[in-house]
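Biologist: I would like to learn how to read the strand pairing and the packing in this model. Could we go through them one feature at a time?

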Amino acid sequence: MRKVLTAACVLLSVAATGCSVGVREQTGGGGQQGGPIKLAVVPKAIGFDFWEKVRVGAECAGSKHQDVTIHWDGVHAESDVSGQQSLLQDLLSQGDLRGLVYAATDAKALADITKSAQSQGTVVVNMDSGTTPQPPDVPVFATNNVAAAEQATDVLAEQLGGRGKVAFIEFQPGTSTNETRAEGFRRGMAKHPGLQLVAQQSSDSDYNRALQVTQDILTANPDLDGIYAANEPSVLGAAEAVRQAGKVGQVKIIGWDTSEGEIQALRDGVITGLIAQNPFKMGYAAVNAAVSKIRGSAEPLPSSDTGSMLITKDNVDSPEVQKLLNPSCQNPPA
């Protein structure tokens, strides 16, 4: 774990959403508006391109405010729900946090963390994924996953000429992000009766697991036409399985996120479309909202769609897409 402070940042406007703990007595976090602020910003996992971009946005927002320290930490696997619970418990027990910004690895399992944090006067904001239930005073800054997933399924249908056998590689049932992306996929499939869902498997948000389940699906369905993969490890594992099977171009892959490996596979024609989120904006918006709340803003903090776009081989080198793929505090994506 480490503290991070960064240099000056340009202004963006947006904001963010949180397990069960025995906590300390209420501190001055809720009633003390001035003074230094320590914020813990906790992604679903560290070591992924998506979450690294979230970190850049979070640090950028912190640098826009005086006396704000960003403490960034996380578990190493998005499936490590208990690990995230323990980490958040530890952070809250230290007594010096005035705000908690985090992405819930499991919507139900992490709900009590938000409740506990608020009970001790800690401001909570969610980014990317919220909890069930979601407190009305805890905003979530995230992609409209249902709408984006439906759009991605429409694109897959178009690439397949409206007919074909399709597989769905989800990543972690139980998380709000997984469930909303699955909902959007189902809505898209319902609009295209010529598409047939022949397999649905979870990657557990792990590349090797995604590779294995896709290989199994291709073996069971040698005439598979398309794959919808719902996050970065799922996409990369599916792409490698298609490569190894010698079916590049035969099996269309539409997926989520924009890691270096995914972009290269897009250029190579292995992947045929990617839903690009705006993780920089998620991190920026969430931190900005938390600081505003701590500093006494009377304005309500509504949840916000941080946006998405479809990237294909045709537009990957456009200035708009490149800014999204390589965000910085000096040149942030819109």
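Biologist: Which residue is the bridge partner of Val41 in β4?

Modeller: This is a predicted model, in which local features need pLDDT of at least 70 and side-chain atom pairs count only at pLDDT 80 or more, while totals for chains, interfaces and linings use all residues. Residues are numbered from 1 along each chain as its sequence is written, and side-chain values use heavy atoms, with hydrogens and water left out. Two strands pair if DSSP finds at least two bridges between them, and strands are DSSP runs (E, at least two residues), numbered from the N terminus. Here the partner of Val41 in β4 is Val101, and β2 pairs with β4 (residues 99-102) in the parallel sense over four bridges.

Biologist: Which residue stands opposite Val41 in β3?

Modeller: That residue is Trp72; β2 and β3 run parallel and are joined by five bridges.

Biologist: Why is β2 described as largely enclosed by the rest of the structure?

Modeller: Buried means under 20% relative accessible area (1.4 Å probe, protein chains only). Six of the six residues of β2 are buried, so this strand is largely enclosed; Ile37, Leu39 and Val41 cover one side, and Lys38, Ala40 and Val42 the other.

Biologist: What is Val41 in contact with, leaving aside its neighbours within four places in sequence?

Modeller: Contact means heavy atoms within 4.5 Å. By that criterion, the partners of Val41 include Ala58, Ile70, Met127 and Val287.

Key
Buried means under 20% relative accessible area, exposed over 50%, partly exposed in between (1.4 Å probe, protein chains only).
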